[in-house]
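Please keep the sequence and the model in view while reading.

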Amino acid sequence: MKLYVIYGGKNAEHEVSVKSAFSILQHIYYDYYTVIPVYITREGNWFRGSEVKGRDSIQSKAELVDLKQKTPFSFNELIEEESVAFPVLHGPNGEDGTIQGLFETLDIPYVGSGVLASAIGMDKLISKSVFKEAGLSVLPYKEVKLRDWKVSRQDVCDALETYLDYPMYVKPVNQGSSVGITRVLNTQELIEAIELAFNYDYRIVVEKGVPVREIEVAILGNEDVHTSVPGELVKPKPFYAYEDKYLNQKVVREIPAKISGELTKKMRKMAADAFEAINGSGISRADFFLTEEGEVYINEVNTFPGFTSNSMYPKVWAKTGIPYADLIEEVIQLGLRRHKDKY
Ligand code: ATP
Ligand code: MG
Ligand code: MG
Ligand code: MG
């Protein structure tokens with residue numbers, strides 16, 4: 001069977017995707033597959049590398065990106081032979097249902113959630129409605145539409161300030177890795193943050209900012225949903241920004257999170273409920289906020305979370321009893337099974 005590991009992508013999380021793919025390629029069970037790397041450039045062009053023969057074949061991330069000098073990728077290749085696609089992509093054009101739709105139309109199996117779950121998970125407004133419908137608590141929020149912003153910034157800010165107190169979090173609706181997100185403390189910052197977020201999407205969500213501990217639970221499975229021990233992102237400041245996630249080493253991951261058994265149970269249940277509510281399959285990471293008063297809010301479900309051997313998703317699974325290489329094999333099998341069962 002041919003395994004197409006697809007990474008890069010036309011979005012702001014391109015680099016993170018290359019990191020995830022580099023780690024994954026070092027841990028695949030090569031005896032089972034013919035592994036083909038497929039690189040999507042920032043412009044959205046697809047290139048194919050030659051077969052990766054084993055765990056030590058690719059020495060650096062740069063090699064994965066150099067594929068650009070090689071052969072353009074043809075989708076015919078996917079349908080000609082028995083194959084499975086592994087989209088190692090974060091954010092829009094990868095984690096949002098668009099590429100999943102391509103695989104559906106080609107009728108080939110792929111790793112991770114399907115079209116609907118991917119689209120809901122990436123959409124910070126729709127997902128909140130779905131979570132609420134499932135009985136899960138979310139923080140107060142409000143939508144800002146580009147057309148309203150163009151008509152009157154003043155009206156938009158007034159409406160937000162009437163409904164929410166500072167600090168607020170301003171977020172593009174479809175995005176990840178904290179890209180385009182700002183924590184704001186006053187009207188001036190609010191205006192600038194909204195302008196920034198509109199660079200990434202034409203819909204924005206503004207949320208009430210709360211001092212919280214951030215707890216994440218990993219999910220694995222199709223109909224049979226399994227959850228990991230919770231992990232905590234222990235951070236020195238309120239906002240866990242892109243730089244903290246990938247560039248500096250300020251964030252400590254506490255695994256398992258130091259919370260009560262009761263809270264652990266509650267969050268694992270909430271994670272499974274959220275996953276089922278969006279119709280998830282394969283993998284996901286549910287992100288929670290825990291307040292000083294002990295209230296739990298769901299923030300989001302990431303249908304393709306960071307996947308380097310150092311990321312939260314593999315780390316909480318390792319602690320739960322599934323080592324990284326086995327996890328990779330399991331998510332491939334889940335993708336194959338979903339395709340077969342038409343789940
Ligand atoms: P990723 O997909 O990488 O997990 P994201 O871009 O989807 O991230 P969020 O997880 O929604 O973005 O927010 C990024 C970070 O901003 C959170 O991890 C947290 O540090 C902070 N944050 C977001 N919303 C709130 C809020 N309402 N109250 C307090 N902190 C928040
Ligand atoms: Mg996210
Ligand atoms: Mg994400
Ligand atoms: Mg998050």
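## The nonpolar core

A nonpolar core is here a set of buried Ala, Val, Leu, Ile, Met, Phe, Trp, Tyr and Cys residues joined through side-chain atoms within 4.5 Å, where buried means under 20% relative accessible area, exposed over 50% and partly exposed in between, with a 1.4 Å probe and protein chains only. In this predicted model, the largest such core holds 42 residues, of which I28 and F86 touch the most other members. Two or more residues each are given to this core by β1 (2–8), α1 (14–25), β2 (34–40), β5 (83–87), β10 (212–221), α12 (312–320) and α13 (324–341), and the largest share, seven residues, comes from α13.

## Basis of the values

The model is predicted, so that local features need pLDDT of at least 70 and side-chain atom pairs count only at pLDDT 80 or more, whereas totals for chains, interfaces and linings use all residues. Residues are numbered from 1 along each chain as its sequence is written, chains are lettered from A and ligands numbered from 1 in the order in which they are written, and side-chain values use heavy atoms, with hydrogens and water left out.

## Overall form

The protein chain has 13 helices and 15 strands, these being DSSP runs (helices H or I, at least four residues; strands E, at least two) numbered from the N terminus. Its radius of gyration, taken over C-alpha atoms and judged by a globule rule of 2.2 Å times the number of residues to the power 0.38, is 20 Å, which agrees with the value near 20 Å for a compact globule of 343 residues. Along the principal axes, the C-alpha atoms fill a box of roughly 60 × 45 × 40 Å.

Of the 343 residues, 57% count as buried. With contact meaning heavy atoms within 4.5 Å, 69% of the contacts between residues at least 6 apart in sequence join residues at least 24 apart.

## Helix α5 and its cover

Helix α5 (residues 115–122) has as its buried residues A117, S118, I120, G121 and M122. The cover over these buried residues of α5 includes α4 (98–106), α6 (126–133) and β15 (296–302).

## K19 on helix α1

K19 lies in helix α1 and counts as partly exposed because its relative accessibility is 26%. Leaving aside residues up to four places away in sequence, K19 touches K61, Y246 and T308. The C-alpha atoms of K19 and F307 are separated by 8.1 Å, although these two residues are 288 residues apart along the chain.
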